[in-house]
Amino acid sequence: VWDCTSGRQVQKVSCFHSTVKCLTVLQRLDVWLSGGSDLCVWNQKLDLLCETSHLTDAGISALVELPKNCVAAAVGKELIIFRLSDSNNESQGWNVFEVKRLVDHQDNILSLVSINDLTFVTGSHVGELIVWDALDWTKQASECNFWDSSVHADVQPEIKLSQSPNETSVQHLTSDEECVFAAVGKGIYVYNLQMKRVIACQRTAHDSSVLHIEKLPDRQLISCSEDGSVRIWELREKQQLPAEPVPTGFFNMWGFGRANKQANQAAKKMQENTPMYFLELVGDLIGHSSAVQMFLYFGELGLATCSADHLIILWKDGERESSLRSLTLFQKLAQNGDLQLKL
């Protein structure tokens, strides 16, 4: 545990029975959880309140908070729902117990994200994305064909001799409540929760696996990869092109024109009713020489990236910083009487 103001270590806990793979804080209960071969509940003083029995050798790889004092824990292919309760009787204290096991995934669950108090989403190693009801833990929707070009008509198909499992792995998820942004293999996919389908994708967002993504304001997105790059994307709406004119003349005699007309009308109707989007690269942060495993976004204060090259780099918005420096310079000149400001 660290003090954010001084940067000093406050306390250390080392009484775990296995590797700690994930942590999460439950603000409403004023406790925090650690996940490994078991689930432990701690208070702010780092007192162990309660823990589950040994789960599996794989252990808990990810945790997400749910309503009704519940959490969802990813344990291999299974999603286990736990409920926490604090008894008024001091002798009984806290308790954590298993409520339900969800076994809809075909492979290990790698990522979890909470959308709101009603919905959360999971992603697996073989490219499965499942949308869950956070209250009754039922499956609302799913997407399992991120890499299949026939599913996304607006995407240029790719010719590949083989499909590596890592290329379909859902490494990380983030959301803005309207859409889920999924890091799938080397690509980034935008899944609209209302439409229940992928509305945009960048199949080769990086040269290697995308490890972490984060949604920014103004429909922007940041991603980092094993290839050492950090990139900024913007979700933009495609300009809808008018349908092609119906051919006339010789082809009409044989009925080709009628078929084309129907197809054009169907395509035009689909274009009118379904807005199309795409991810455009708007920034590239070059500085790391090895895999960038994660980053933290601090809004106007900037961005911090950490990499396997043993560097942590702090980034600022260059355009904003330039304008701030210019404004500061003008203010100093005005204070020194070197600049006559006319209001």
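This is a predicted model: local features need pLDDT of at least 70, side-chain atom pairs count only at pLDDT 80 or more; totals for chains, interfaces and linings use all residues.
The chain comprises 343 residues, of which 41% count as buried. Its secondary structure consists of three helices and 23 strands. Among the contacts in the chain with a separation of 6 or more, 42% are accounted for by residues 24 or more positions apart.

The largest nonpolar core contains 19 residues, and Leu 33, Leu 39, Ile 60, Phe 82 and Leu 84 have the most contacts inside it. At least two residues of this core come from each of the strands β1 (22-26), β2 (31-35), β3 (39-42), β6 (70-75), β7 (78-86) and β8. When residues up to four places away in sequence are not counted, Ile 60 touches Lys 21, Cys 22, Gly 35, Gly 36, Asp 38, Leu 39, Leu 55, Ala 73, Ala 74 and Val 75.

Strand β6 also holds Val 71. Val 71 is classed as buried because its relative accessible area is 0%, under the limit of 20%. Beyond residues up to four places away in sequence, Val 71 touches Leu 26, Leu 33, Leu 39, Val 64, Glu 65, Leu 66, Ile 80, Ile 81, Phe 82 and Leu 84. Among these contacts of Val 71 are Leu 33, Leu 39, Phe 82 and Leu 84, which are also listed among the residues with the most contacts inside the largest core. Val 71 and Val 99 are separated by 28 residues in sequence, and their C-alpha atoms lie 9.9 Å apart in space.

Thr 52 occupies the loop between β4 (48-51) and β5 (62-66). With a relative accessible area of 11%, Thr 52 is buried. A polar atom of the Thr 52 side chain lies 2.9 Å from the backbone nitrogen of Leu 39. Leu 39 is also in the set of residues touched by Thr 52, together with Asp 38, Phe 82 and Val 96, residues up to four places away in sequence being excluded.

His 105 is placed in another loop, between β8 (94-102) and β9 (109-114). Its relative accessibility of 5% means that His 105 counts as buried. The side chain of His 105 takes part in a polar contact of 2.7 Å with the side chain of Thr 122, and in a polar contact of 3.2 Å with that of Glu 128.

Across the whole structure, the search finds one cavity of 30 Å³ or more. The largest cavity has a volume of about 30 Å³. Its lining is formed by Phe 16, His 17, Ser 18, Thr 19, Val 20, Ser 34, Gly 35, Gly 36 and Asp 38. By residue class, this lining divides into two nonpolar, six polar and one charged. Of the lining residues, Gly 35, Gly 36 and Asp 38 are also in contact with Ile 60, and Asp 38 is touched by Thr 52 as well.

Key
Residues are numbered from 1 along each chain as its sequence is written. Side-chain values use heavy atoms; hydrogens and water are left out. Helices (H or I, at least four residues) and strands (E, at least two) are DSSP runs, numbered from the N terminus. Buried means under 20% relative accessible area, exposed over 50%, partly exposed in between (1.4 Å probe, protein chains only). A polar contact is a pair of N or O atoms within 3.5 Å; within protein, one must be able to donate a hydrogen and the other to accept it, and residues adjacent in sequence count only if both atoms are side-chain atoms. A nonpolar core is a set of buried Ala, Val, Leu, Ile, Met, Phe, Trp, Tyr and Cys residues joined through side-chain atoms within 4.5 Å. Contact means heavy atoms within 4.5 Å. On a 1 Å grid over the protein atoms alone, a cavity is a set of points where a 1.4 Å probe fits but cannot get out, and a pocket is an open set with protein on both sides within 12 Å along at least five of seven lines; lining residues have an atom within 4 Å of a point. Grid points are joined across faces, edges and corners, and a volume is the space filled by probe spheres set on the points. Ala, Val, Leu, Ile, Met, Phe, Trp, Tyr, Cys and Pro count as nonpolar, Asp, Glu, Lys and Arg as charged, and the others, Gly among them, as polar.
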